[in-house]
Amino acid sequence: MPEPSETPLVATVLPNVEVARVVFEAWDAGQAVLPLDPALPRAEIERLLALARPTHLVDSDGRHARHDGVPVDADTAAIVCTSGTTGAPKAVELTRHGLFAMGNGVSQALGVGEGDRWLACHPLFFVAGLAILGRSWVTGVPVSVHAGFDLERVSASPRDDGTTIVSVVPTTLRRLVRADALGGFRAVVVGGAPLPPAQRDDAIATGVSVFDAYGLTETWGGCVTNGRPNAGVELRLADGDEVQLRGAPVTRGYRNDPALTHAAFSPDGWFRIGDVEIGRAHV
C-alpha cells in the first residue's frame, strides 16, 4: 500500500504540559502540530487559524475537526507561527526529515546521552520549546515540561525531575547565575539573543557547560552551536554579508504563501537570513 501523501494538522490552544501530550501523540500518529499561544486574544488566535488552516483544533473542550482545514504534506512535523521582524504573521512549515536532523544534530553537538534529561521551561508554541520536545521524541532522551520559567522550580528541577540540561535565554540565564541555581545541571543551552562573553564566563564559573545556540523558527531552532553549524547544516556568506543556511532542518517554506517562500530562498536553494552576526560562527 502506498504511503499517504498528506496528514492532518492539529492545532493546540492549551497550557504547556497539555501541549506536550498532544504533540507526542500527534507525532506518534504521523500527524503535524500547530501550537498556539493560549494567552493571545481570541481574534488573534482566529487570525492564525485562518492563516494556517489546521484540520483539527485541541483546546480545553477537547479535539474538534475544522471544516475549513487543509491537510499538510505527510513529511510535515510542525507549523510554527511567527511575526518575524515585519509584524506580519508567517506560518513556518517544518519537516519530519528536519525534525530528525535537528534532534540528532543538537544532541551530538551537546554530547547528550544515557543519563541525560531535558528540561523544557520555554513556551511550547515557540520553536525553542517545541524543538526540545522534538529532541526528546527523536532520540528517546526523556524530557520534563514546566508550565513556564519559574526560578525556584527550575533551580530544583535536577533534584525533583532528574533533569540535566536546560535551555534558556540570556535574561533567564542571568537570573539563574545570580541565584546560584545552575549547579545541578550538566549543561545549559542559551539562545534567543546574543550571549555576552562576560555572562557566559559567569555561567561557566558555576561548573556548568555552556552551549551558545543560534537558530531561527525557520531552522527548527538552534542549528549553530558554539559558532559551528550542527551536523547536516551548512552556512555561507553570500555577496560578502548575507548569511545563508542550507540543510535538512531548514523550513520547506511558508504555509499558503508561495511568494514569501520564493523570496526566502536564493536561486540555488539557500535560506536567506540576511545581514546578521552569528556570534563566533565559522563560515
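This is a short tour of one predicted model, stop by stop.

**Before you start.** Residues are numbered from 1 along each chain as its sequence is written. Local features here need pLDDT of at least 70, side-chain atom pairs count only at pLDDT 80 or more, totals for chains, interfaces and linings use all residues, and side-chain values use heavy atoms, with hydrogens and water left out.

**Stop 1: confidence.** Colour the chain by pLDDT, the predictor's confidence in each residue, from 0 to 100. The chain's mean is 93, and 94% of its residues reach 70 or more. Now select residues 279-283: here the pLDDT is below 50, and beyond near neighbours in sequence the stretch has 11 contacts (heavy atoms within 4.5 Å) in the model.

**Stop 2: helix α6.** Select residues 170-178. Helices (H or I, at least four residues) and strands (E, at least two) are DSSP runs, numbered from the N terminus. Which residues of α6 are buried? They are Pro-170, Thr-172, Leu-173 and Leu-176; buried means under 20% relative accessible area, exposed over 50%, partly exposed in between (1.4 Å probe, protein chains only). Just after α6, find Asp-180, with a positive phi of about 50°.

**Stop 3: Ser-157.** Move to helix α5 and pick Ser-157. Ser-157 is buried, at a relative accessible area of 0%. Not counting residues up to four places away in sequence, Ser-157 touches Leu-119, His-146, Gly-162, Thr-163 and Phe-185.
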